[in-house]
Amino acid sequence: MVSRIQLLLIIILTISLLIRLVSLSTPAFNAEEARISARGHQLIQTGKDELGRQYPLVFNSHTDYKLPLTSYFSALGTGLFGKNDFGARIGFILLGTLFIYLTFLLSKKLGFSTRIGLLSALVISLSPSLLFFIVAISIMITEIAIMFLLKLLPSMPPLVENIADGALLIVLLF
């Protein structure tokens, strides 16, 4: 049986996913998304980036440096759904939805009430920057990786855990 809290969280996640899917083509595809999508498509086709490196851990070009998960998630989407808006954005839509759930878990881990956890999830789910901007999503991928790392680490002394959680909270807010 699903509890009231779980039901509310499922409703928040479902609405958030639907909002992201409905607004898939808004805003218009920009140059950064096109570059990441093309890089992902090239990874799926050849296994190499634009500089000819085999499955690199850092993607750099003449103008910027990108973390690898952004390109690999784009590769997954373009590999499954083709080289189009949906294929380029579906990985980030799913990550945005996962981020909402992880925000709920993080607030619980930090000792906040379930009500605050649900409120945090709701606020993150409706955040315009996480709905529309790929730059915010690429930063979010890094934060998701940090959250998973904190969850997978063996139990730390309370002081170290509180410092790590506080640092992550600061990163999430700014």
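Predicted model: local features only at pLDDT ≥ 70, side-chain atom pairs only at ≥ 80, totals over all residues.
Student: Which residues make the contact between α2 and α3?

Tutor: On the side of α2 they are Ile36, Ser37, Arg39, Gly40, His41, Leu43 and Ile44. On the side of α3 they are Thr70, Ser71, Tyr72, Ser74, Ala75, Thr78 and Gly79. By class, this contact of α2 with α3 divides into five nonpolar, eight polar and one charged residues.

Student: What makes Ser74 count as buried?

Tutor: Ser74 lies in helix α3, which spans residues 68–81. Its relative accessibility is 0%, and buried means under 20%. Ser74 therefore counts as buried. Leaving out residues up to four places away in sequence, Ser74 touches Ile36, Ser37, Gly40, Gly87, Ala88 and Phe92.

Student: Pro68 is also found in helix α3. Is Pro68 buried or exposed, and how do you know?

Tutor: The relative accessibility of Pro68 is 18%. The limit for buried is under 20%, so Pro68 counts as buried. Beyond its neighbours within four places in sequence, Pro68 is in contact with Pro56, Leu57 and Phe59. Pro68 and Leu57 are eleven residues apart in sequence, and their C-alpha atoms are 5.4 Å apart in space.

Student: What makes Glu50 partly exposed?

Tutor: Glu50 is found in the loop between α2 (31–46) and β1 (59–60). Its relative accessibility is 34%. Buried means under 20% and exposed means over 50%, with partly exposed in between. The value for Glu50 falls between those limits, so Glu50 counts as partly exposed.

Student: Where is Tyr55, and how do you know whether Tyr55 is buried or partly exposed?

Tutor: Tyr55 is also in the loop between α2 and β1. Its relative accessible area is 47%. That value lies between the limits of 20% and 50%, so Tyr55 is partly exposed.

Student: What is the phi of Tyr55?

Tutor: Tyr55 has a positive phi of about 35 degrees although it is not a glycine. Most residues other than glycine have a negative phi.

Student: Why are α4 and α5 called roughly antiparallel?

Tutor: Helix α4 (residues 85–109) and helix α5 (residues 114–125) pack at an angle of about 150 degrees, and their axes are 8 Å apart. Angles over 145 degrees count as roughly antiparallel. The angle here is over that limit, and α4 and α5 are therefore roughly antiparallel to each other. Their crossing is right-handed. Among the residues in contact are Phe99, Ile100 and Ser107 of α4, and Ile116, Gly117 and Ser120 of α5. By class, the contact has seven nonpolar, six polar and one charged residues.

Student: What makes Ser107 count as buried?

Tutor: Ser107 has its place in helix α4. Its relative accessibility is 5%, and the limit is under 20%. Ser107 therefore counts as buried. Apart from residues up to four places away in sequence, Ser107 touches Phe112, Ile116, Gly117 and Ser120.

Student: How do you know whether α1 and α5 are roughly parallel or roughly antiparallel?

Tutor: The axes of helix α1 (residues 4–22) and α5 come within 10 Å and cross at roughly 5 degrees. Angles under 35 degrees count as roughly parallel. α1 and α5 are therefore roughly parallel to each other. The residues in contact include Ile5, Leu8 and Arg20 of α1, together with Leu118, Ala121 and Leu122 of α5. By class, the contact of α1 with α5 has eight nonpolar, three polar and one charged residues.

Student: How many helices and strands are there in the protein chain, and in what order do they run?

Tutor: There are eight helices and two strands. From the N terminus on, the elements run α-α-β-β-α-α-α-α-α-α.

Student: What share of the protein chain counts as buried?

Tutor: Of its 174 residues, 38% count as buried. The chain exposes about 10000 Å², and carbon and sulfur atoms supply 72% of that area.

Note on methods. Residues numbered from 1 in each chain as written. Heavy atoms only, no water. Helix = DSSP H or I, 4+ residues; strand = E, 2+ residues; numbered from the N terminus. Buried < 20%, exposed > 50% of the residue type's maximum accessible area, 1.4 Å probe, protein only. Areas by Shrake-Rupley, 256 points an atom, 1.4 Å probe, with all protein chains shown as cover. Axes fitted to C-alpha atoms, helices over the stretch in contact; angles between N-to-C directions. Parallel < 35°, antiparallel > 145°, perpendicular 65-115°, else oblique. Left-handed = near helix turned anticlockwise from the far one by under 90°. Contact = heavy atoms within 4.5 Å. Nonpolar A, V, L, I, M, F, W, Y, C, P; charged D, E, K, R; others polar.
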